[in-house]
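Here is a short report on how the parts of one model touch. Keep the sequence and the structure in view as you read.

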Number of protein chains: 2
Amino acid sequence: MARNKNEPKLALTRERILDEAVAFADVHGVDALVMRKLAEQLGAGTMSLYNHVANKDEMIEGMVDVVSGEIDHPADGDEWRSAMRASAASAHAVLVSHKWAAAEWTRRRPGPNRLRYMDAILRTLTEAGLRPEVVYHGYHAITMHIVGFTIQELGYLDMPIGVDLEDLAAGFLGGLETSNMPHLAQHVRDHAGDDDHGDEFSWLLDLILDGLERSSRA
Amino acid sequence: MARNKNEPKLALTRERILDEAVAFADVHGVDALVMRKLAEQLGAGTMSLYNHVANKDEMIEGMVDVVSGEIDHPADGDEWRSAMRASAASAHAVLVSHKWAAAEWTRRRPGPNRLRYMDAILRTLTEAGLRPEVVYHGYHAITMHIVGFTIQELGYLDMPIGVDLEDLAAGFLGGLETSNMPHLAQHVRDHAGDDDHGDEFSWLLDLILDGLERSSRA
DNA sequence: ACCTGAACACCGTTCAAGT
DNA sequence: ACCTGAACACCGTTCAAGT
């Protein structure tokens, strides 16, 4: 998908680089993200990128922060649990739409957008009147749920498209049945009948939110 | 740390390769794991490794499965929550002792040891008499907690050793204070006074286990 | 069946030279 | 201040040749 050669050459900026890199990773995955190819995509020399990003790692940090910027913060006026549910749903949707991002999220340092998002969650929990220890633990529980759940879910979703899922599952199941893992075989079968991951995401989130509420009032 | 040259050359096996690779990653991280260096460590030619592993990715899958094999399964006779707590604590300890493993866990296909572990957790939940939907969701919640929590925790622990943590935290905090993120600044301060991650791990696990119990009886 | 060095393809990044 | 091609260092893996 080469850029239109008649178009006047756009100035190379950090923002353009990050946006193009995110778009590329969305389609091909981060593993396929290569500096030479990215530069080509932008109609620039490879080394020009390094005038705007320090190196590839720092660039990926920037990409994660671009994604962080797409997440809706919990709304101010709402009851704290509805506000958290809405924001978590937004974060979940954003991470699902950038499938590479959840895994990077866990191992990159937070940039400005993500720091602001962290602060907004902590503010919501604090202003809900939860006890300080519950705010502290609850923050970890909630953020862990958002990215941990999404990573697990994407592991299942990330099957190559062309494959016959029936065959794949059948073969996998056959192996399990014959190797004395009946409960795992049942679980895999259950997965086949359940594609509404959004539902499970909020079911577990509610479990956590209600637990926090209960433990803070106790 | 070269191998003793007087020692008779040990036969190269898949098991020896995986063990050495795990030990290497424990010390230097997976990013530093390089086929040439690993072969050297084993006193073999680089290409000899490929007689026992298909390629580097498949080798890392094998490494994760070696780690999976170190985890204690939930014990049969115990009350289901105590059994799960003990097994989760074991998994947590194992993942902490192989700091690279949690991140790989989320993006590698499960090998035999991990499949057995998955089956054991599902069996425990099923035999506890929980409703099938609660087993299904609960399995995801528990496994998500174990690896998700550990990944987050290691992100904090993974600071380079030589650095002055006081200075680092102070500089980081300063930036936060002046950039209108008081709640995040407070949270970072709270982290400084809390190094007992094991406690928080079980606190959140209990929140989940109790929530499952309650929701299954409802 | 297992071992291995040479060679290849690929990729991040340094350098020196441009504007 | 920004751009860039050539070159270097590094690394996974193929190949062909050994035992």
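Predicted model: local features only at pLDDT ≥ 70, side-chain atom pairs only at ≥ 80, totals over all residues.

## Protein and DNA

A backbone N or O atom of G45(B) sits 3.0 Å from a phosphate oxygen of DNA strand C.

Residues are numbered from 1 along each chain as its sequence is written, chains are lettered from A and ligands numbered from 1 in the order in which they are written, and side-chain values use heavy atoms, with hydrogens and water left out.

| Protein atom | DNA atom | Distance |
|---|---|---|
| M35(A), polar backbone atom | phosphate oxygen, DNA strand C | 2.9 Å |
| K56(A), polar side-chain atom | phosphate oxygen, DNA strand C | 2.6 Å |
| S48(A), side-chain N or O atom | phosphate oxygen, DNA strand D | 2.5 Å |
| R36(B), side-chain N or O atom | base oxygen, DNA strand D | 2.5 Å |
| Y50(B), side-chain N or O atom | phosphate oxygen, DNA strand D | 3.0 Å |

Take the atoms of DNA strand C within 4 Å of the protein: 46% belong to sugar or phosphate, and the rest to bases. The surface near DNA strand C has eight nonpolar, six polar and three charged residues. Here Ala, Val, Leu, Ile, Met, Phe, Trp, Tyr, Cys and Pro count as nonpolar, Asp, Glu, Lys and Arg as charged, and the others, Gly among them, as polar.

## Chain A meets chain B

Now turn to the two protein chains. Each of chains A and B brings 41 residues to the contact, meaning heavy atoms within 4.5 Å. Together they bury about 4000 Å², with 68% of it on carbon and sulfur atoms. Buried area is the accessible area (1.4 Å probe) that two parts lose on being put together, summed over both. Y136(A), M144(A) and H183(A) supply 17% of what chain A buries against chain B, more than any other three residues.

How many residue pairs are in polar contact between chain A and chain B? There are 16, both residues at pLDDT 80 or more. α7(A) gives the most to the side of chain A that touches chain B, with twelve residues. Helices are DSSP runs (H or I, at least four residues), numbered from the N terminus.

## Inside chain A

Chain A also divides into domain 1 (14-53) and domain 2 (72-217), with bounds from an automatic or database domain assignment. Four residues from each domain make the contact. About 360 Å² is buried between these domains, and carbon and sulfur atoms give 70% of it. V22(A), D26(A) and V30(A) supply 87% of the area that domain 1 buries against domain 2, more than any other three residues.

Note on methods. Polar contact = N/O pair within 3.5 Å; in protein donor to acceptor, adjacent residues only side chain to side chain. Helix = DSSP H or I, 4+ residues; strand = E, 2+ residues; numbered from the N terminus. Near = heavy atom within 4 Å.
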